[in-house]
Amino acid sequence: MKSFKHIDAASVEEAVSLLQESEGPAYVIAGGSDLLGCLKDNLWMEYPKAIVNLKTIPGLDTISVDEDGLHIGALVTLTKIAESETVKEFWPGLAEAARRTASPLLRNIGTIAGNICQENRCWYYRYPDKIGGRIDCVRKGGKRCLAVPGDHRYHSIFGAVNKCIAVNPSDTAPALIALDATIKTTKRTIPIDEFFSAGMGAQSTTLDRDEIVTEILVPRPAQEWTNAFRKIAFRKSIDFALVNCAAALTFADGKVTSARICLNGVHNNPRRCVESEAALIGKPLNEATAQEAGELAVAEAKPLLQNGFKVPMAKTIVIDTLMDCVK
Amino acid sequence: MTQNEKLTKLIQLTINGESRPLLVEAHWTLSKVLRNDCGHTGTKEACNEGACGSCTVLIDDIATPACMVLAIEQEGKNIETIEGLSKDGQLHPIQEAWLEEYGAQCGFCSPGMIMSTKGLLIKNANPTDDEIKEALGGNLCICSNYEHIINAVRSAARKMSKEQANV
Ligand SMILES: Cc1cc2nc3c(=O)[nH]c(=O)nc-3n(C[C@H](O)[C@H](O)[C@H](O)COP(=O)(O)OP(=O)(O)OC[C@H]3O[C@@H](n4cnc5c(N)ncnc54)[C@H](O)[C@@H]3O)c2cc1C
Ligand code: SF4
C-alpha cells in the first residue's frame with residue numbers, strides 16, 4: 001500500500017467537510033475490508049490523498065426498532081446483524097444475507113454501509129498493479145472491457161451497462177432491496193431502488209463524492225409477511241456469490257398481496273425481478289407459482305459464451321427462495 | 001506541516017497486555033506492524049487480502065484479520081496475538097488441545113486458527129460442531145487438516161469449561 005493521510009472524524013459533519021476540503025481524492029473508511037484491498041492493489045487511476053475514518057464517530061453502530069421499522073447505523077457490522085435476535089425474527093432474509101457474507105473474520109469488521117458501497121470484483125478490474133500493472137478498463141475510464149473477449153464466467157447474464165459486464169457482488173444488497181429499505185445519507189434519503197448505479201464511473205452507487213451513508217431503514221409492513229435469502233457460492237464458508245437472491249412477500253387470505261424479489265451477481269446492479277413479482281400477485285405461493293416466477297426471472301437473460309450456467313442457477317435460486325417464504 | 005508529519009503518527013498500542021509507543025505510517029496494516037515492528041511473527045501473512053485467516057488476532061476479544069485493519073486505528077484497543085496465550089511457560093488449553101489432537105500439520109495456519117478458536121470460545125463456551133465450522137470458516141488450512149482442527153476445538157472447549165468449573 002502507498003501512503004495517505006489518515007484522519008479520524010469526530011462527527012458526520014466533520015467527515016463531510018474533510019472530504020470536501022481534501023486537496024486530492026479522499027475516501028471514507030469503515031471496516032476497510034474492501035477499501036484496503038483496493039488500495040493494496042492500487043486499482044484506481046487516482047490514489048487517494050486522504051482516508052477519513054468513520055469509526056471514531058459516535059452513534060453510527062447501533063441497531064434499533066421503532067414503529068417505522070429497523071434502523072441500522074452505517075457502521076453496524078455484519079456479525080452484529082447476523083446475530084441480532086430482532087433481525088433474525090422479523091427480517092430473517094437480512095440476517096441470513098449478513099450471515100452468508102464473506103467469512104466470520106470479515107463480518108467482524110465489515111459494515112453494512114461498506115457492504116452496499118463495495119467495489120465490483122471483476123478480476124480484470126481488480127488485477128493488482130504490482131503484478132505487471134493494473135488494468136485500466138472501461139469501468140475505470142479506459143478504452144476496453146477485457147472480460148467480454150476474455151474470461152467472463154462469473155460476469156453479467158443480463159447484458160452490459162456502458163460496456164461493462166461486471167456484477168454487483170454484495171450479499172446484503174438484494175436483501176435490502178427485497179425489504180424495500182431506505183438509505184439515509186448526509187444529503188438526502190435514497191430509496192434503495194435508486195441507490196445502485198454501476199456504469200457511471202468506477203463507483204457502484206449514486207452517492208456523491210462528499211456524501212456519507214449514515215443509516216439504513218428497513219420498514220416493517222403491516223400485513224402478514226415473510227422474507228428469505230439464499231446464496232450459491234463454491235464454498236459455503238467464504239466466497240462471493242455466483243448468484244444470490246432475496247424475496248419479501250405479504251399475504252392476505254393465503255394469497256400474495258405484494259412481492260419484491262431481487263437477484264444479485266447477475267448484472268451490474270442488483271436486479272429486481274419485476275415480472276416474477278407481478279405474476280405472483282393475487283395467487284397463492286406454491287410450487288407452480290414459484291416455478292413460473294423463476295422462469296420469468298430469467299426470461300430476458302442473455303448469457304455470454306462462458307456463463308450460461310448461471311441462468312438455470314438464477315432460475316432455481318428464485319424458486320427456492322420463494323419456497324422458503326411459504327408459510 | 002511537512003509531508004512526514006502528515007503521514008506518520010506516534011501511537012500507543014496495547015499488545016498482549018503491554019502498552020508500547022510506536023511510530024506508524026497511516027497506511028501500515030496491523031499485521032505488518034506486529035510482524036516487522038513488534039517481532040510478533042506468530043501472526044502470519046499469507047494472502048494479505050483477508051481471505052485466509054492466517055493473520056487472525058483478537059482485538060477487544062473479537063477475531064480480526066490483522067492484514068485488513070490499519071495499525072493507526074488500533075490505539076486504545078486490546079490486541080492479543082498467539083504470543084500472548086501461554087503464561088509462565090504453561091501452554092494455554094487451546095494450545096494443549098492442538099498438540100494432543102494433532103491440530104497442526106505444517107503449522108502455518110495454527111496461530112490464526114487458535115486465535116479464531118479463542119474468539120469463538122469467548123462468545124460461546126460450548127459450541128456445536130456446526131458452530132465450530134462456521135466460526136473457523138475464514139481460516140484456511142492448506143494441509144486440509146480440518147478434522148483434527150475441529151477435534152482440537154472441541155477438546156479445548158472441554159478443557160476450558162473444566163478449568164472454569166474448578167475456579
Ligand atoms: C476475502 C473477501 C471476501 C469477501 N466476500 C464477500 C461476500 O461473500 N459477500 C459480500 O457481499 N462481500 C464480500 N466481501 C466484501 C466486503 O469487504 C464486505 O462485504 C464488507 O461489508 C465491506 O464493508 P467495510 O465496512 O469493510 O467497507 P470499507 O472497505 O470500509 O468500505 C467499502 C467502500 O464503501 C465506502 N464506504 C464505507 N462506508 C461508507 C459510508 N458510511 N458512506 C459512504 N461510503 C462508505 C468506502 O469509501 C469504500 O469505498 C469480501 C471481502 C473480502 C476481502
Ligand atoms: S467487466 Fe467491467 S470491470 Fe471488468 S474488465 Fe470489463 S469494463 Fe472492466
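Visitor: Where does ligand 2 sit?
Guide: Happy to start there, with the reminder that this is a predicted model. A molecule counts as sitting in a cavity if more than half of its atoms lie within 2 Å of the cavity's grid points. For ligand 2, the place is the largest cavity.

Visitor: Which residues come nearest to ligand 2?
Guide: There are 13 residues around ligand 2. They divide into 11 nonpolar, 1 polar and 1 charged. Those that come nearest are Cys122(A), Cys137(A), Cys145(A), Cys164(A) and Ile165(A).

Visitor: Let's move to chain B. How are α4(B) and α6(B) oriented to each other, oblique or parallel?
Guide: Helix α4 of chain B covers residues 110-123 and helix α6 of chain B covers residues 146-166. Their axes come within 11 Å and cross at roughly 40°. That angle makes α4(B) and α6(B) oblique.

Visitor: What about α3(B) and α6(B), oblique or antiparallel?
Guide: Helix α3 of chain B spans residues 93-100, and its axis is 8 Å from that of α6(B). The two pack at an angle of about 140°, and roughly antiparallel would need an angle over 145 degrees. α3(B) and α6(B) are therefore oblique.

Visitor: And α3(B) with α4(B): is the crossing left-handed or right-handed?
Guide: These axes come within 10 Å and cross at roughly 125°, so the pair is oblique. As for the hand, α3(B) passes α6(B) in a right-handed crossing, and the crossing of α4(B) and α6(B) is right-handed. For α3(B) passing α4(B), the crossing is right-handed.

Notes
Residues numbered from 1 in each chain as written. Chains lettered and ligands numbered in written order. Predicted model: local features only at pLDDT ≥ 70, side-chain atom pairs only at ≥ 80, totals over all residues. Heavy atoms only, no water. Near = heavy atom within 4 Å. 1 Å grid on protein atoms, 1.4 Å probe; cavity = no way out; pocket = protein on both sides within 12 Å on 5 of 7 lines; lining within 4 Å. Nonpolar A, V, L, I, M, F, W, Y, C, P; charged D, E, K, R; others polar. Axes fitted to C-alpha atoms, helices over the stretch in contact; angles between N-to-C directions. Helix = DSSP H or I, 4+ residues; strand = E, 2+ residues; numbered from the N terminus. Parallel < 35°, antiparallel > 145°, perpendicular 65-115°, else oblique. Left-handed = near helix turned anticlockwise from the far one by under 90°.
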